[in-house]
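Reader: I am new to this structure and would like a close look at one part of it. Please begin with a single residue and its surroundings, and then turn to the place where two chains meet.

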There are 2 protein chains.
Amino acid sequence: MPIYNAPLADMKFILNDVFKAEQFWQANENLAHVDAATAEAILEEMAKFAQNVTLPINRTGDEEGATYNNGAVTTPAGFKEAFKQYAEGGWIGLGADEEWGGQGMPKMLTVLADEMLFATNPSFMLYPLLSVGAGMALNSYASQEQKETYLPKIYSGEWSGTMCLTEPHAGTDLGIIKTKAERNEDGTYNITGTKIFITGGDHDLAENIIHLVLAKTPDAPAGSRGISLFIVPKFIVNTDGSLGERNTAGPGSIEHKMGIKASATCVMNFDAAKGYLVGNENEGLAAMFVMMNYERLSMGIQGLGASEYAYQNAAQYATDRLQGRSATGAKSPQKPADSILVHGDVRRMLLNVRANNEASRAFAVYVGQQLDITKFSTDAEAVQKANNRVALLTPIAKAYLTDTAFQATLDAQMVFGGHGYIREWGMEQCIRDLRIAQIYEGTNGVQSQDLIGRKTIKCNGEYIAEYIEEIRDFANDLDSDLNYIKDATLDAATELEVITQTVLERAKENPDYANAAAVDYLHAVGLLSFSYMFAKIAKAANAKSGEFYQNKLSLVNYFIQRILPDLNTRIARIKVTSDTVMSFSEDYFTNQS
Amino acid sequence: MPIYNAPLADMKFILNDVFKAEQFWQANENLAHVDAATAEAILEEMAKFAQNVTLPINRTGDEEGATYNNGAVTTPAGFKEAFKQYAEGGWIGLGADEEWGGQGMPKMLTVLADEMLFATNPSFMLYPLLSVGAGMALNSYASQEQKETYLPKIYSGEWSGTMCLTEPHAGTDLGIIKTKAERNEDGTYNITGTKIFITGGDHDLAENIIHLVLAKTPDAPAGSRGISLFIVPKFIVNTDGSLGERNTAGPGSIEHKMGIKASATCVMNFDAAKGYLVGNENEGLAAMFVMMNYERLSMGIQGLGASEYAYQNAAQYATDRLQGRSATGAKSPQKPADSILVHGDVRRMLLNVRANNEASRAFAVYVGQQLDITKFSTDAEAVQKANNRVALLTPIAKAYLTDTAFQATLDAQMVFGGHGYIREWGMEQCIRDLRIAQIYEGTNGVQSQDLIGRKTIKCNGEYIAEYIEEIRDFANDLDSDLNYIKDATLDAATELEVITQTVLERAKENPDYANAAAVDYLHAVGLLSFSYMFAKIAKAANAKSGEFYQNKLSLVNYFIQRILPDLNTRIARIKVTSDTVMSFSEDYFTNQS
């Protein structure tokens with residue numbers, strides 16, 4: 001039976017010592033209602049929920065799966081009760097505005113709450129996650145009346161939300177979607193089309209489901225400039241807020257997937273379904289991207305949660321498993337064999353995972369803080385800077401955190417040997433459930449294109465230059481007894497600065513260049529980011545004494561020595577011209593002879 | 001529906017052009033019965049079998065799985081018929097001695113036949129694979145009478161074989177197994193104990209199952225020097241060769257696993273089961289390692305097969321999927337979007353997979369050739385050299401080929417975007433089925449320990465020095481128009497030579513060092529090996545003209561530019577001291593605060 005103990009000590013260390021969150025909150029009038037004690041109480045409550053409610057239905061949810069029958073989806077046993085409890089605890093609106101029934105908590109805190117839920121039950125977590133994302137999009141772009149109608153119900157968990165983008169022929173390339181929106185005389189629209197891969201497209205957890213649907217009006221411009229966003233409720237909402245007739249929108253089937261089997265991934269059919277325009281016609285993509293960017297950071301948290309869960313189970317297994325003897329002589333001579341923790345290779349795997357977790361957690365809180373600045377700060381310059389930083393780091397949060405987490409869960413599975421492959425130990429489900437995080441909400445390849453293209457080349461490297469400047473300032477300020485991380489971080493910053501220049505020049509000369517270099521560039525920025533996070537961790541740990549903090553510094557050293565060297569390989573690959581991939585004819589790929 | 005077309009053109013290129021197999025066979029009197037035409041005919045027949053028989057039952061086998069009821073295992077629909085057809089085609093004995101009903105084909109050829117079966121149905125392939133392995137162990141260590149009793153039946157497929165090593169508390173550390181063997185007055189033994197993870201421990205494909213079981217006699221020395229090997233048939237074989245009573249050996253249950261669900265992984269209970277000693281008491285491990293080493297190369301082939309299958313499906317998907325536009329302007333302006341092959345990142349993923357396949361295939365044939373020398377050559381010095389090479393490269397074949405193949409299948413899955421996560425496209429099954437290859441027959445971590453320990457430090461680097469010498473001689477001989485691969489290979493050889501010295505020195509100073517460095521060292525030797533294989537491919541391709549050969553050279557270039565740079569990272573990590581991992585207390589790993 002897999003275990004999970006919320007890493008509260010580390011979460012508190014990150015919030016209190018590394019980011020001095022209380023000071024940050026108290027210095028901002030819009031966040032002054034949050035203090036460290038409140039934050040810790042929230043984390044402790046969520047820890048109980050994750051350990052006691054969502055963890056026990058993780059494996060059973062995978063075994064049973066969401067099921068589709070006669071046009072309706074049923075979630076696995078226990079999901080309904082867990083969702084009710086989650087909603088009643090006010091968790092759905094934890095980060096939402098108090099005006100709409102939320103708790104107004106900062107993102108710095110909610111990322112940590114989300115981590116626990118993703119660690120213990122990613123399938124479950126996706127249901128409220130989509131609600132929150134839909135709420136954010138509506139909060140930003142919907143009319144006052146729409147907000148009043150939908151937001152309180154979404155945050156109370158009475159209703160839930162979805163995002164309906166992908167169509168069978170159109171995933172990344174939303175410009176070619178075919179779903180039609182025809183305006184009725186009363187101002188509503190008839191929405192007709194098929195959407196696929198719709199998470200939570202149907203289920204039995206809430207009374208109503210509010211679909212946010214991308215569609216094209218008949219006279220819309222071609223491509224992504226002609227996409228509008230519509231609210232399409234499962235049940236039409238009467239003017240008094242009660243539920244009216246069933247809309248002609250519903251699931252046609254659910255997908256059979258590698259993992260997240262308890263999360264219903266629906267094919268959705270819209271058959272002249274009644275829809276309500278959000279914002280203006282042809283401006284739907286911007287609204288959807290509010291939701292999408294929120295989900296993208298969340299996917300990184302999904303990675304972190306899975307990696308923490310994998311770590312805890314692998315570390316426990318390694319401690320309990322007796323096999324072989326230490327190379328320096330038996331460590332437990334009274335036992336038939338030593339624990340496998342005596343083997344350097346087992347430690348290497350566990351430390352890979354743990355280093356990933358601690359850096360990812362710091363990074364999630366860091367990006368959360370930047371988001372909080374964009375939302376709560378009254379300093380326009382700070383907001384602008386934070387907006388740039390969020391733009392730059394959203395693809396890192398989504399893609400780098402899930403790439404490294406996936407590798408981490410593989411390492412954790414390997415610690416178990418053959419037992420890692422067996423269902424009862426939970427590792428194989430963890431991996432299957434996590435794999436989707438690298439794929440959905442824009443594949444990690446697409447994230448990399450976003451980073452190197454829109455976030456770097458398009459602004460002529462301005463965002464990354466600002467980030468590097470911040471990192472340099474921080475590293476230069478470190479005490480000399482932290483030279484090992486200081487030097488490593490400064491070196492990495494310089495490497496990134498130089499290679500970014502190469503990227504900018506090459507991209508000008510050759511339009512194909514950036515696409516082929518993108519993933520390695522993303523990993524290079526990711527490694528720099530982890531270096532920066534470990535520099536922050538090192539500074540905080542160095543200011544304290546005791547084993548807990550000493551171990552943090554040892555882990556920083558592990559990162560520099562054994563993980564950061566991958567930067568060399570990434571830089572070498574970014575330097576390669578795109579001829580290496582573009583010189584092959586298209587036929588080559590399917591032609592064997 | 002997933003596709004598979006056996007890569008016959010590439011297989012023939014590797015055999016005929018790269019390794020000049022016919023010349024090699026004809027120069028050896030024990031292999032003079034094999035010529036290129038025979039080899040090609042065999043490959044073409046196997047291609048039909050793989051495409052028409054095993055591919056169609058791959059997905060259904062996964063859906064249905066092997067099932068356990070009332071002490072017996074049933075294989076999924078179609079497996080019985082396929083096994084019968086496979087056996088009747090003489091495939092089980094393809095590489096076995098003609099004396100026992102085999103076809104006496106060289107390993108250089110059988111690895112390619114195995115690749116096709118692993119590509120199309122790894123679960124199926126494991127049944128005959130274990131038979132062949134058991135046959136090899138018996139052929140090497142059993143008495144003449146035992147050989148006569150068991151080998152012809154195993155190669156005809158009437159009976160099958162297993163290897164029973166692992167126990168619940170003892171996997172890698174076989175020295176602590178508990179299964180007992182008590183000698184009866186008639187010279188047979190009573191075998192009592194529980195074995196787990198027994199592939200094909202029970203099934204309905206053959207009339208009898210010959211278990212090769214490791215057990216300890218009551219007075220056996222402690223540890224791995226006190227292990228004996230026994231034949232324990234499911235049904236006792238009468239003196240006339242007919243089947244007698246059911247032995248007290250059978251499955252207690254089967255495991256529920258991440259993948260290879262159609263392959264029955266059994267818990268086996270031996271309850272004073274009748275067993276027959278193979279060879280001498282306490283010398284069982286050597287016999288089992290004959291089988292184990294064979295399986296280890298096979299696991300590498302499993303990786304190659306999966307990676308080839310993944311490649312073909314991903315390349316086809318990429319060709320068919322229209323999404324986005326080329327950065328240099330629409331390539332298919334008449335269509336709503338270009339094929340995703342216009343994107344450098346998609347090509348990067350596909351080329352990673354294809355480069356892996358071509359290098360892995362060459363490497364499998366190369367190791368096969370070395371095994372053929374050990375078996376068929378009459379030149380004692382050549383045999384000795386080949387034995388050393390096989391010892392060195394078995395862990396590379398097992399671990400490096402499965403590590404790179406697993407990454408390759410992940411790349412291939414990513415090409416599909418969300419569709420890669422859906423069962424119907426076959427990619428997710430491919431990944432689940434392949435993952436076990438990194439774990440079983442000794443985890444890849446254990447393979448790495450074998451390479452750096454027994455195969456390198458123990459012989460003071462002699463094996464790797466001989467290998468590097470061969471590689472240098474070959475590279476130095478290349479024409480100057482192949483300088484790009486020549487220089488890269490010579491550089492890699494020097495890097496390995498230098499770092500091996502570091503390893504030897506460090507290992508002397510610190511017994512913990514090697515364990516922590518092992519996996520990176522294995523990957524470094526793997527990268528050198530792929531470099532060597534691409535040097536061989538380049539030489540053969542350069543001697544020909546035409547697009548097929550030109551593309552080989554472009555792929556060589558791709559490897560050097562975009563894959564080989566990982567050697568830098570590996571070397572940097574091998575240099576790191578083991579303090580980075582050993583300095584943490586054992587408590588640290590499970591302690592959060």
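**One residue, then the interface**

Author: Leaving aside residues up to four places away in sequence, M116(A) touches Y4(A), A6(A), L8(A), M11(A), L43(A), M46(A), A47(A) and A50(A), where contact means heavy atoms within 4.5 Å. This is a predicted model, in which local features need pLDDT of at least 70 and side-chain atom pairs count only at pLDDT 80 or more, while totals for chains, interfaces and linings use all residues; side-chain values use heavy atoms, with hydrogens and water left out. Residues are numbered from 1 along each chain as its sequence is written, and chains are lettered from A and ligands numbered from 1 in the order in which they are written.

M116(A) counts as buried because its relative accessibility is 0%, the term buried being kept for values under 20%, with exposed over 50% and partly exposed in between (1.4 Å probe, protein chains only). M116(A) belongs to helix α6, residues 107-120 of chain A, helices being DSSP runs (H or I) of at least four residues, numbered from the N terminus. Between the C-alpha atoms of M116(A) and E381(A), which are 265 residues apart along the chain, the separation is 34 Å.

Turning to the interface, 106 residues of chain A are in contact with 105 residues of chain B. The two chains bury about 8900 Å² between them, 58% of it on carbon and sulfur atoms; buried area is the accessible area (1.4 Å probe) that two parts lose on being put together, summed over both. On the side of chain B, Y421(B), R562(B) and F589(B) lose the most area to chain A, together 11% of what that side buries. Helix α17 (residues 547-563) of chain B gives the most to that side, with 9 residues.

How values were computed: Helices (H or I, at least four residues) and strands (E, at least two) are DSSP runs, numbered from the N terminus.
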